[in-house]
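Here is my notebook on one protein chain, kept while I clicked through it. Please have a look at the structure first, then follow along.

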Amino acid sequence: MVPDPRPGTKPGTAALIRRVLSVILYVLGGWMLVSEIFIALLDFGQSAATTIGILAFFALLSLPFFLLAVWATPGDRTVELGAALVVTAIVGAVLSLAVVIMLSDPQFRQFMPDDRPMPEFHFTPLLALVNLALIGGTGWLLTRRGQQPAR
C-alpha cells in the first residue's frame, strides 16, 4: 500500500484513489485503441498511406491515457499495461467480429435510412489481424516480462 501523506485520512485511501484513476485511464486508452483496431478492419478505398496515418492517429490518441494510467497505478506498471493491451486486443477482436457478422448480413441494409445509401467499403482482415497481433503480442510480452523474477 502507498502511505497517504495527509494526516487524518484512512490508510490506503491514496492507493485506492490511484487505482480507480488508473482503471479509468486504462479504459479510456483501451477505448481509443479499440477504435484503431476497428478502423484497421474497414477499407473505404483510401490509400495505404492514409490508412496508416489514420491508424497512427488513433494509436497516438490512446497513448496519453495509457501513459497517465501507468503513472497513476499503485501496482506493477509493466504487468498492468500488458494486461490492458491484451484486454484491448480481445475486446477489439470481439467487436470487429460482431461488425463483420452484422455488415455481412444482407438483411441489415433494411435497417439503414433510405435517404442515405450504405457507404462502399471492404474488409481488410489481414491488416486487422496484424494490428491485433501487434497490440495483443506487445501486451502479452509486457505481462510476461513483468512477471519474471528479478535477477
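**Entry 1: Val20.** I began with Val20, which counts as partly exposed because its relative accessibility is 43%. Val20 lies in helix H1. Helices (H or I, at least four residues) and strands (E, at least two) are DSSP runs, numbered from the N terminus. I also looked up a distance: Val20 and Thr78 are 58 residues apart in sequence and 17 Å apart in space, C-alpha to C-alpha.

**A note on the model.** This is a predicted model, where local features need pLDDT of at least 70 and side-chain atom pairs count only at pLDDT 80 or more, while totals for chains, interfaces and linings use all residues. Residues are numbered from 1 along each chain as its sequence is written, and side-chain values use heavy atoms, with hydrogens and water left out.

**Entry 2: a patch.** Which residues make the nonpolar surface patch? I found Leu16, Val20 and Ile24, and the patch covers about 280 Å². Patches are made of residues with over 30% relative accessible area and no salt bridge; like charges are joined within 9 Å, nonpolar side chains (Val, Leu, Ile, Met, Phe, Trp, Tyr) within 5 Å. The areas come from the Shrake-Rupley method with a 1.4 Å probe, and for residues only the protein chains shown count as cover. Leu16 lies in helix H1, residues 13-41. Is Leu16 buried or exposed? Leu16 counts as exposed, because its relative accessibility is 55%.

**Entry 3: a salt bridge.** I searched for a side-chain nitrogen of Lys or Arg within 4 Å of a carboxyl oxygen of Asp or Glu, which is how a salt bridge is defined. The count came to one salt bridge. Its partners are Arg19 and Glu80, at 2.9 Å from N to O. The pair links distant parts of the chain, with Arg19 in helix H1 and Glu80 in helix H3, 61 residues apart. Arg19 is partly exposed at 30% relative accessibility, whereas Glu80 is buried at 19%.

**Entry 4: helix pairs.** Next I checked how the helices pack. Axes are lines fitted to C-alpha atoms, for helices over the stretch in contact, and angles run from 0 to 180 degrees between N-to-C directions. The axes of H1 and H3 come within 8 Å and cross at roughly 40°. That makes H1 oblique to H3; angles under 35 degrees count as roughly parallel, over 145 as roughly antiparallel, 65 to 115 as roughly perpendicular and the rest as oblique. The H1 and H3 crossing is right-handed. A crossing is left-handed if the near helix is turned anticlockwise from the far one by less than a right angle, and right-handed if clockwise.

H1 and helix H2 (residues 48-72) have axes that come within 8 Å and cross at roughly 165°, so H1 and H2 are roughly antiparallel. H1 passes H2 in a left-handed crossing.

Helix H3 (residues 77-104) packs with helix H4 (residues 125-147) at about 155°, their axes 7 Å apart. H3 and H4 are therefore roughly antiparallel, and their crossing is left-handed.

**Entry 5: His122.** I finished with His122, which lies in strand S2, residues 122-123. His122 is exposed, with a relative accessible area of 53%.

Methods. Buried means under 20% relative accessible area, exposed over 50%, partly exposed in between (1.4 Å probe, protein chains only).
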